[in-house]
Amino acid sequence: MKDVHFGAGNIGRGFIGATLADNGFEIEFVDVNATVIDALNERHEYPVEYAAPGKKRITVRNVSGINNAKEPEKVVQAIAQADLVTTAIGPKVLPLIAPLIAQGLKARQDAGNQQPLDVAACENMIGAGDALKKEVYSHLDGDTGAFVDQYVGFPNAAVDRIVPEQHHDDPLLVAVEPFKEWVIDKSMLKNPAIHLTGVEYADDLEPYIERKLFSVNTGHATVAYNGKFMGYTTIGEAVKDPQILTLLRSALGETRALLADKWPNFTMADLEAYHEKIVSRFENPYISDAIARVGRTPIRKLGYNERFIRPIRECRERGLAYDTLLKTAGRIFTFDEPNDQESVRLMKMVADQPLDKVVAEVTGIKDQALLDEVVASAREAITTHSKN
């Protein structure tokens, strides 16, 4: 079987590609990174190293690459013949690849290929499959749209594997943590006959997406923003600080109460074990990441449905505690990273505009009482930070 995978970066190679290879897939990576694509076509394999004691390596074989900037027609033909299409390219890039996917699906129709196909967007966002589908359909005419309705699925997925920032002499080597989780909404599949080992299939994906968002994403960001506030530069350094570890456990305790209240299929014991596993993952010295990287795009991460404001809103609605989440959200307004465009923009907004206006704009909060709480938290953080 053949998979066309958009994104030959570390997640694409170290997680999605490795999982598909374990399932006997031949993988054609699509990317604009000429160095990586050329190396894939020269070697047709690459190493994956586990960031753990012993640093065990595996080899992923039967791979090749297409540079979509230079050979878009090859991408179109690959999609026309594919058994599966996947992405791990970043939420902001999905609209950029949608036209090529649309052309590939049109070529599939023209070739009379009626084999059901799933296009699985494996991105760090809620509803990535829905988002990609919307973008792809905007490039389809009515006739092809009807074909895609019948034969192509865009299942939502939840993915979780920490792949730290890394630099190797070998452009194809990628280091990953041993833990991985890939869950697909099976109700959205067009070709359920493809059942991947190492992937979980759920009737309802939303609980898994929220568990991951409110645990891994919220937890990682809690360490990053509090670590930055307290002067650390890496996650590994920060999580060794008892104060930050306490904040992490407290934030996870708040989101755990929310998850248990919302999703009865998650027991408190299961969630406690899941959160302890997350803490141990952050403490893994082999995957310590730069705080600047984990905390980047602070405006996006302060969004209405993102990792802090959403659980804060929902905890408040249910009468649950959210003190640590609120404290951390306030500290994001001091996240000053000159190499991150969103951080630069946020710092300029804080410097030039009334704080309540800034908080309202970036969080989208309409509830005045809650908005006042976030503004007060941000003001306290800014005042404390300026004194230090």
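Guide: A pocket here is an open set of grid points with protein on both sides within 12 Å along at least five of seven lines, and its lining residues have an atom within 4 Å of a point. The structure to which this is applied is a predicted model.

Visitor: Which residues lie nearest the centre of the largest pocket?
Guide: The largest pocket holds about 1,600 Å³ of space, and 43 residues line it. Of these 43, the ones that lie nearest its centre are Ile-11, Pro-91, Asn-124, Arg-296 and Arg-300.

Visitor: Which helix gives the most to the lining of the largest pocket?
Guide: The elements that each supply at least two residues of this lining are strand S9 (157-160) together with the helices H1 (10-22), H7 (206-229), H11 (291-294) and H12 (298-301). Seven residues of the lining come from the element that gives the most, which is H7.

Visitor: How many residues of the lining of the largest pocket are charged?
Guide: Asp, Glu, Lys and Arg count as charged, with Gly placed among the polar residues. Divided in this way, the lining of the largest pocket has 20 nonpolar residues and ten polar ones, while the number of charged residues is 13.

Visitor: Which strands give two or more residues to the lining of the largest cavity?
Guide: The structure holds two cavities of 30 Å³ or more, and the largest has about 80 Å³ of space. Its lining is made up of Leu-84, Thr-86, Asp-118, Ala-120, Pro-155, Trp-182, Ile-184, Leu-189, Asn-191, Ile-194, Leu-196 and Tyr-201. The elements that give two or more residues to this lining are the strands S6 (84-87), S7 (117-121) and S11 (181-185).

Visitor: How many nonpolar residues does the lining of the largest cavity have?
Guide: Asp-118 is among the residues that line this cavity, and Asp counts as charged. By class, the lining has one charged residue and two polar ones, and the number of nonpolar residues is nine.

Visitor: How many residues of the lining of the second largest cavity are polar?
Guide: About 40 Å³ of space lies in this cavity, which is lined by Ile-162, His-220, Ile-235, Arg-281, Phe-282, Asn-284, Ile-287 and Ser-288. Four residues of the lining are nonpolar and one is charged, and the number that are polar is three.

Visitor: Is the crossing of H3 and H4 left-handed or right-handed?
Guide: Helix H3 (residues 72-81) and helix H4 (residues 94-110) have axes that come within 7 Å and cross at roughly 50°, which means that H3 is oblique to H4. In this crossing, the sense in which H3 passes H4 is right-handed.

Visitor: How many charged residues are in the contact of H3 with H4?
Guide: From H3 the contact includes Pro-72, Val-75 and Val-76, and from H4 it includes Leu-100, Ile-101 and Arg-108. The residues of this contact divide into nine nonpolar and four polar, and the number of charged ones is one.

Visitor: Why does H9 count as oblique to H13, and what is the angle between them?
Guide: Angles under 35 degrees count as roughly parallel and those from 65 to 115 as roughly perpendicular. Helix H9 (residues 242-262) and helix H13 (residues 309-317) have axes 10 Å apart, and H9 is oblique to H13 because of the angle at which they pack, which is about 60°.

Visitor: Which residues of H13 meet those of H9?
Guide: H9 passes H13 in a left-handed crossing. On the side of H9 the contact is made by Glu-254, Thr-255, Leu-258 and Lys-262, and the residues that they meet in H13 are Arg-310, Pro-311, Glu-314 and Cys-315.

Visitor: Which residues of H17 make the contact with H13?
Guide: The axes of H13 and helix H17 (residues 368-387) come within 12 Å and cross at roughly 130°, and H13 is therefore oblique to H17, in a crossing that is right-handed. H13 takes part through Ile-312, Arg-313 and Arg-316, and the residues of H17 in the contact are Ala-369, Leu-370 and Glu-373.

Definitions and conventions. Residues are numbered from 1 along each chain as its sequence is written. This is a predicted model: local features need pLDDT of at least 70, side-chain atom pairs count only at pLDDT 80 or more; totals for chains, interfaces and linings use all residues. Side-chain values use heavy atoms; hydrogens and water are left out. On a 1 Å grid over the protein atoms alone, a cavity is a set of points where a 1.4 Å probe fits but cannot get out, and a pocket is an open set with protein on both sides within 12 Å along at least five of seven lines; lining residues have an atom within 4 Å of a point. Grid points are joined across faces, edges and corners, and a volume is the space filled by probe spheres set on the points. Helices (H or I, at least four residues) and strands (E, at least two) are DSSP runs, numbered from the N terminus. Axes are lines fitted to C-alpha atoms, for helices over the stretch in contact, and angles run from 0 to 180 degrees between N-to-C directions. Angles under 35 degrees count as roughly parallel, over 145 as roughly antiparallel, 65 to 115 as roughly perpendicular and the rest as oblique. A crossing is left-handed if the near helix is turned anticlockwise from the far one by less than a right angle, and right-handed if clockwise. Contact means heavy atoms within 4.5 Å.
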